[in-house]
Amino acid sequence: MRGKALGLWAAAIGALALAFGLPLFVETFFLVELTVYVVMAILALSLALVWGSAGILNFGQSAFFGLGGYAYTIAVMNMGDSTVPILIGIAVPAVFAVVTGYFLFYGRVSDIYLGTITLCVSLIFFNLINSSGAEYRIGIAPLGGNNGIPGVPPLNVPGNPERPLDFDEMYMLSMVVLVLVYLGLHWLLATRFGRVAVAIRENELRAELLGYDARLVKLAMFTIGAGIAGLSGVLFAAWGSFIGPTMFSIFFTAQIIIWIMVGGLGTLAGAVAGAVLIQWLTTWLGETKIADTNIVLGAIFVVFVLLVPRGIQPTIARWLAR
Amino acid sequence: MDFAAIVVIQVLYAIASLALISLGLAIIFGMMRVINFAHGEFLMLGGYAVLLPVEAGVNLWLAMLVIAPVTVGLFGIVVERIIIRPLYGRIVETVLATWGLSLLMIGLASEIIGYYQAGAAPPLGTVQIGFYREGAYTFFVIGITAVIFVAVYLFLRRTRFGLIALGTMQNADMAAALGVNVNRVYAATFGLGAALSGLAGAIMAPIAGVVPIIGITYIAKAFITVIGGGTVFLAGTAAASVLFGTITQVVTFLSTSFGEVALLVVAVVLLHLLPEGITGRFLRRGL
């Protein structure tokens with residue numbers, strides 16, 4: 001058992017060294033491609049927390065992702081320096097989560113009703129942005145409607161808009177954020193608060209009878225998840241220097257859910273693995289045009305729910321433990 | 001005066017179309033506690049089951065009222081057997097599996113049929129109301145929705161199968177103990193819901209057109225209507241359609257792009273006040 005734990009640590013350190021040492025060895029183009037995987041992994045972690053750990057069936061995580069991206073874009077276009085807009089990109093989805101979450105959790109909306117409402121929220125954003133034509137502006141930022149907003153300014157060294165991050169630095173920053181979010185969530189789930197959240201997931205009534213306020217805990221988890229999703233939205237917008245309503249679309253929402261389902265519900269590492277795997281698969285399908293992406297993702301989704309309901313990480317972990 | 005008539009007709013149409021696209025989902029959810037996430041794609045399939053035969057020369061009414069519901073109903077029975085039945089009682093897993101089915105169907109439709117399917121013009125011509133013209137098909141949609149609701153009510157209340165299905169819904173174990181083949185009842189119920197979805201998609205097809213992703217425009221409205229309605233699914237869906245349809249249409253008259261936003265806001269507030277939907281509080285003894 002000790003040897004195995006040691007091996008896991010060695011593997012983790014090796015993976016980290018590889019991830020951070022990568023810019024020394026590979027071409028910039030590859031690094032740029034890799035950055036989006038890192039950003040998606042952060043988004044996956046946010047839903048892994050909300051759905052996997054806190055048991056909140058949130059089908060609208062993409063709403064927070066898109067909201068973060070749009071909030072950052074609008075703020076940075078108006079302000080120039082990207083430091084404060086990053087915080088705005090985290091705060092706007094978090095505040096929105098507090099408001100909707102208040103209605104949902106304090107209204108005792110549960111399970112499937114919650115999933116439906118959150119899904120509808122992201123769909124409404126999609127429709128709203130889609131139908132907001134070129135004439136809608138916030139400050140000097142055009143909302144662009146269906147076409148999205150091209151030319152989103154990149155992140156810059158704090159306080160110095162003249163010095164944007166280059167591709168290597170953008171990759172490194174995303175990687176640091178991913179590691180910090182991962183470790184932070186691990187820590188959060190080990191605290192008393194995190195364990196109460198898991199207890200509520202397992203049996204809400206029992207946790208409440210023991211005196212915990214399930215509504216408050218869920219609202220807090222929902223909000224933290226929204227903030228993290230917003231941060232990944234910020235990174236995504238700055239990475240591609242583009243943002244569009246597809247960030248809110250039902251297909252993107254479905255993908256986030258598929259990442260978690262494939263990786264393993266209730267795990268953090270599995271969510272990251274699921275995001276990377278599926279993201280790679282969709283990119284590959286998009287390039288080679290071997291099959292329609294929706295057909296493949298839909299089939300994977302159905303097969304995992306029916307045949308591999310635990311996802312790959314727990315399945316492999318059980319296999320290793322044998 | 002004429003304008004008022006047009007407004008009333010538009011509101012009635014909004015209510016009817018909402019009720020129509022929600023009914024199949026409501027029956028499946030209300031009777032089986034299964035949320036069919038591929039509902040929008042069942043509507044899409046119903047639409048294609050009209051447009052493709054019409055293109056091949058089949059009579060529009062025959063395609064709409066017979067071919068579409070039968071096709072989608074049979075498809076529903078197959079789906080129930082493969083995807084729904086292994087997951088009974090696990091509501092979240094059912095949602096996820098049918099979501100996968102929804103993606104699969106969208107992918108297949110865009111691969112096989114593509115985005116350039118010709119539409120069918122709404123039949124029946126127009127009606128003159130003072131200065132305004134209104135498609136006669138609008139009246140047809142309002143009328144047939146009412147007919148379908150009454151027919152479903154009578155079918156469930158007055159026929160042998162309807163009573164067995166309602167009994168199974170109330171207590172599946174007891175029904176099984178009395179010799180009812182519960183699986184067959186569920187399959188038939190799912191097939192009925194699917195057939196009604198197909199019929200709804202077919203009726204909407206001449207107005208809304210059909211593309212592989214048409215389901216997405218229906219699904220949010222249908223979900224909100226069914227969940228806003230609550231467990232008494234027929235009365236609930238009708239009541240929620242009246243409420244949401246009126247609000248959406250009135251807001252749409254005031255500002256074109258905010259109708260759906262108003263719908264969502266009303267739905268969230270409604271669920272905050274009545275977490276079990278309208279029929280959690282009112283009309284509890286209906287169907």
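This is a predicted model: local features need pLDDT of at least 70, side-chain atom pairs count only at pLDDT 80 or more; totals for chains, interfaces and linings use all residues.
Chain A is built from 13 helices and 4 strands. Its C-alpha trace spans about 55 × 50 × 45 Å along the principal axes. The radius of gyration of chain A is 20 Å. A compact globule of 322 residues would have a value near 20 Å, so the two agree. Buried residues account for 47% of the 322 residues in chain A. Of the contacts in chain A between residues at least 6 apart in sequence, 74% link residues at least 24 apart.

Within chain A, one helix pair was examined. It consists of helix H3 (residues 61-79) and helix H9 (residues 214-240) of chain A. Their axes come within 7 Å and cross at roughly 50°. H3(A) and H9(A) are therefore oblique to each other. The crossing is right-handed. On the H3(A) side, the contact is formed by Gln61(A), Phe64(A), Phe65(A), Gly66(A), Leu67(A), Gly68(A), Gly69(A), Tyr72(A) and Thr73(A). These residues meet Ala226(A), Ala229(A), Gly230(A), Leu231(A), Ser232(A), Gly233(A), Val234(A), Phe236(A) and Ala237(A) of H9(A). By class, the contact of H3(A) with H9(A) holds 10 nonpolar and 8 polar residues. No charged residue takes part in this contact.

Chain B contains 12 helices and 2 strands. Along the sequence, the elements of chain B follow the pattern α-α-α-α-β-β-α-α-α-α-α-α-α-α. The radius of gyration of chain B is 19 Å, close to the 19 Å that the globule rule gives for 287 residues. Chain B is therefore as compact as a globular protein of that length. The C-alpha atoms of chain B fill a box of roughly 65 × 45 × 35 Å along the principal axes. Of the 287 residues in chain B, 48% are buried. Among contacts in chain B between residues at least 6 apart in sequence, 75% join residues at least 24 apart.

A helix pair in chain B was also examined. Helix H2 (residues 39-55) of chain B packs against helix H3 (residues 60-84) of chain B at an angle of about 135°. The axes of these helices lie 8 Å apart. H2(B) and H3(B) are therefore oblique to each other. H2(B) passes H3(B) in a right-handed crossing. H2(B) contributes Phe42(B), Leu45(B), Gly46(B), Ala49(B), Val50(B), Pro53(B) and Val54(B) to the contact. From H3(B) come Leu60(B), Ala63(B), Met64(B), Ile67(B), Ala68(B), Thr71(B), Val72(B), Phe75(B) and Gly76(B). The residues of the contact of H2(B) with H3(B) comprise 13 nonpolar, 3 polar and no charged.

The two chains also touch each other. Their contact takes 33 residues from chain A and 32 residues from chain B. On the chain B side, the elements that give two or more residues are helix H4 (91-112), helix H9 (214-229) and helix H11 (259-273) of chain B. H4(B) gives the most to this side, with 16 residues. The side of chain B that touches chain A has 24 nonpolar, 5 polar and 3 charged residues.

Methods
Residues are numbered from 1 along each chain as its sequence is written. Chains are lettered from A and ligands numbered from 1 in the order in which they are written. The radius of gyration is taken over C-alpha atoms; the globule rule is 2.2 Å times the number of residues to the power 0.38. A residue is buried if 20 or more other C-beta atoms lie within 10 Å of its own, exposed if 12 or fewer, and partly exposed in between; C-beta atoms are placed from the backbone. Two residues are in contact if their C-beta atoms, placed from the backbone, lie within 7 Å. Axes are lines fitted to C-alpha atoms, for helices over the stretch in contact, and angles run from 0 to 180 degrees between N-to-C directions. Angles under 35 degrees count as roughly parallel, over 145 as roughly antiparallel, 65 to 115 as roughly perpendicular and the rest as oblique. A crossing is left-handed if the near helix is turned anticlockwise from the far one by less than a right angle, and right-handed if clockwise. Ala, Val, Leu, Ile, Met, Phe, Trp, Tyr, Cys and Pro count as nonpolar, Asp, Glu, Lys and Arg as charged, and the others, Gly among them, as polar.
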